[in-house]
Amino acid sequence: VTFRLRERSELPLGDDSEFFLRVVASAFLRRRKMVRNNLRPTYSPENVVQALQEAGLPEDTRAQDMSVADFVALCRGLRAQRAGPGELPETLEEAEGHGGGD
């Protein structure tokens with residue numbers, strides 16, 4: 001196995017890698033849920049649907065069906081929008097405490 005270290009600026013989101021990781025983690029917080037619901041309350045479902053559409057993904061996309069490139073495109077779409085209250089949650093408990101649970 002070989003691997004190559006890259007400069008942060010060479011990564012798909014450059015200095016936004018922390019944002020990328022938070023979006024991915026939030027998308028997987030609740031099993032078998034659609035991405036548009038898992039990113040609440042930071043982004044409204046409508047805003048997530050818009051970002052998914054801009055990324056060429058259906059609005060009922062689930063995290064487990066997304067590739068790294070899909071997440072990069074989603075993050076770019078979300079970055080273009082204003083976030084709602086607070087930051088993306090890091091844990092399920094944090095998400096449920098902010099009204100993101102079902």
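1. Basis of the note. This is a predicted model, in which local features need pLDDT of at least 70, side-chain atom pairs count only at pLDDT 80 or more, and totals for chains, interfaces and linings use all residues. Residues are numbered from 1 along each chain as its sequence is written, and side-chain values use heavy atoms, with hydrogens and water left out.

2. Overall make-up. The protein chain has 5 helices and 0 strands. Helices (H or I, at least four residues) and strands (E, at least two) are DSSP runs, numbered from the N terminus. The order from the N terminus is α-α-α-α-α.

3. Burial and surface. Of 102 residues, 38% count as buried (under 20% relative accessible area; exposed is over 50%, partly exposed in between; 1.4 Å probe, protein chains only). The chain exposes about 6,500 Å². Carbon and sulfur atoms supply 49% of that area.

4. Helix α4. This helix covers residues 68–79, 12 residues in total. From first C-alpha to last it reaches 16 Å, close to the 16 Å expected at 1.5 Å a residue. The expected span is 1.5 Å times one less than the number of residues. Its buried residues include Phe-71, Leu-74, Cys-75 and Leu-78. The buried residues of α4 pack against α1 (17–27), α2 (35–38) and α3 (45–54).

5. Lys-33. This residue sits in the loop between α1 and α2. Lys-33 counts as partly exposed because its relative accessibility is 28%. Lys-33 and Gln-64 are 31 residues apart in sequence, and 9.5 Å apart in space, C-alpha to C-alpha.

Technical notes. Contact means heavy atoms within 4.5 Å. Accessible areas come from the Shrake-Rupley method with a 1.4 Å probe; for residues, only the protein chains shown count as cover.
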